[in-house]
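Please keep the sequence and the 3D view open while you read.

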Amino acid sequence: MGKELRSRGWFGRKDKDGIIYRSWMKNQGMPTDMFDGRPVIGICNTFSELTPCNAHFRAHAEAVKKGVLEAGGFPVEFPIMSLGETLLKPTAMLFRNLASMDAEESIRGNPIDGVVLLTGCDKTTPSTVMGAASVGLPTIVVPGGPMLNGHYKGQLIGSGTHVWKFDEDMKTGKMTQEECEYAESCMSRSIGHCMTMGTASTMACMVESLGLTLSGAAAIPAADSRKKVMAQLSGRRIVQMVRDDLTIDKILTREAFENAIITNSAIGGSSNFVIHLMAIAGRIGVELTLEDFDRLGSKIPLLLNLMPAGKYLMEDFYYAGGLPVILHELKEHLHKNVVTVTGKNHHENIVNDHSCYNQEVIAAYTKPFKEDAGIVVVKGNLAANGAVIKPSAATPSLMKHTGRAVVFESIEDYHARVDDPLLDIDETCVMVLKYAGPVGYPGMPEVGNMALPKKILEKGITDMVRISDGRMSGTAYGTAVLHVSPESAIGGTLALVQNGDLIELDVEQRKLHLHVTDDELHKRRQAWQPPKPAAERGYVSLYIRHVMGADKGADLDFLQGSSGSEVTRDSH
Ligand code: FES
Ligand code: MG
């Protein structure tokens, strides 16, 4: 072993402070030899019964502990703020940065030599990785795993994806409330996170492609015993990573981020990937721009046939071979000069284990499921800093479309008027939602795929161009232009759009243009009044004063970068 473990600064002390650091830990029944200099492994647990996707994590923590003990380490589990997508209002995204601070300070302030992150529901992955990146210790992620496939009346149903469908069916009278409540039970029938290629599955694949998990970890269903095995093996591995001083900054290089972008295109990952990957990059000091996503990702075809872009679910992905198959198909495109938690690159990790067992689910690179994948960045006077659209979730015929704007001034305005039979709208219009960005909502919620007006759904039409500064659930679909930046609440042009303005979307030309003259826009800008701040005190007030634009990952400006792991002063 090379350098002295940082935990020795607590447990190795021969003074009053050493007594304090060891003695109170012993009240948990820890023998004296646990403090003999073995690597101390923090298990950062995002368990919560209010985060149903992570509610099974106590079992994973126990499995990690077994592995740590087997490898001669000292496991210590600790909780941090858990972020559940489904219950937290106004949106879990508002608290991603707060949870990242919790993770960062909990890791740095404690006698931890290496950390295992137990993550599942969407924001629990980026928040913990952001926090860990700002400390810089050896770090491994254990993704919590997707739920088993949903089945309803003989049909495969996917988390989230079918919520929008059921809602439409209820609106048009195709489904009763009773049928819907039964279908809800069918959708969430096991432990785990959303089993579509929503944001949680996207984040699991993101950490695997970044090199932060053991190979094949992302796709294993939560209910599969092999998930616990993966957790145990990760516990063993982190101890060796501490001994080898394989820190997170050695893994999260520019090349690793590029690999993650390429992989995300091939799997049809969520548009939320952009925001979270940029925020992580900001912590580790890698410069990523929106253009990187378009440049590296938009030429990669879609290989994975999973909802919402396709028809299968994560369980099928696992049986077909999981992410190693995708990484193998992408081998010509991925950087090899990277190192993963195993100490090797992806290519070396999967050399004996990349067989595809179902080409309906994972297509070969030479015979992709769809040509259009990835995230496209559009720009123009309506989004000077860019906006994103996910072609694989959109309608091809709407990718070049000019339409009359129908403007909703807020989410309340949208709810109040969208189903009004008198609303002046048809399917050629462009629906515009304002004030749904980081500052505006606050927290940039997943409202960008706003449901179509009932009268349009009743015509059998299921997609229209929608534009907002909000996000869209990774489980959702539709021709939604998202993350418009600068956002409307800080005076972006989106705030100035009026009913009847013509808006042009041209995905091939990467263009989003508001057909209003500069003079007129100038006049409108003079008359524009910023909205009242969402909060005057507390975290939300701090958030709206410091949050950066969606084009920069929506982290807080003062959280950029790392503070390292050193803490010099003692507690007494
Ligand atoms: Fe938790 Fe989808 S709601 S992963
Ligand atoms: Mg979500």
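1. The model is predicted. Over residues 38-349 the chain is 47% helix and 9% strand.

2. Look at helix α3, residues 57-70. Its 14 residues reach 20 Å from the first C-alpha to the last, close to the 20 Å expected at 1.5 Å a residue. Which residues of α3 are buried? They are F57, H60, A61, A63, V64, K65, G67 and V68.

3. What do the buried residues of α3 pack against? Their partners are the strands β1 (40-45), β2 (74-79), β3 (114-119) and β4 (139-143), together with helix α9 (225-243). Just after α3 comes G72, with a positive phi of about 90 degrees.

4. Compare helix α5, residues 124-133. Ten of its ten residues are buried, so α5 is largely enclosed by the rest of the structure. Among them are T124, P126, S127, V129, M130 and G131.

5. Next, the largest nonpolar core. It has 176 residues. Those touching the most other members are V116, A266, L277, L304, I326, V378 and V481. Helix α12 (residues 272-284) gives the most to this core, with nine residues. Where does the core lie relative to domain 2 and domain 4? Domain 2 (38-148 + 190-349) and domain 4 (376-531) both give residues to it, so the core lies between them. As a general matter, nonpolar side chains tend to be buried together in soluble globular proteins.

6. Zoom in on V481. Leave aside its neighbours within four places in sequence. V481 is then in contact with V378, A387, I389, R466, I467, L505 and L512.

7. Now check the backbone for exceptions. Most residues other than glycine have a negative phi, and most peptide bonds are trans. Two cis bonds deserve a look. One joins K89 and P90, with omega about -5 degrees. P90 sits in the loop between β2 and α4 (96-108). Another cis bond runs from Y441 to P442, with omega near 0 degrees. P442 belongs to the loop between β10 (430-433) and α18 (454-457).

8. The loop between β10 and α18 also holds Y435. Y435 is not a glycine, yet its phi is positive, at about 60 degrees. Is Y435 buried or exposed? It is buried, because 24 other C-beta atoms lie within 10 Å and the cut-off is 20 or more.

9. Finish with H483, in strand β12 (residues 480-485). H483 is a residue other than glycine with a positive phi, near 60 degrees. How many C-beta neighbours does H483 have inside 10 Å? The count is 33, so H483 is buried.

Conventions:
Residues numbered from 1 in each chain as written. Chains lettered and ligands numbered in written order. Predicted model: local features only at pLDDT ≥ 70, side-chain atom pairs only at ≥ 80, totals over all residues. Helix = DSSP H or I, 4+ residues; strand = E, 2+ residues; numbered from the N terminus. Expected span 1.5 Å × (residues − 1). Buried ≥ 20, exposed ≤ 12 C-beta atoms within 10 Å, placed from the backbone. Contact = placed C-beta atoms within 7 Å. Core = buried A, V, L, I, M, F, W, Y, C linked by C-beta atoms within 7 Å. Domains from an automatic or database assignment.
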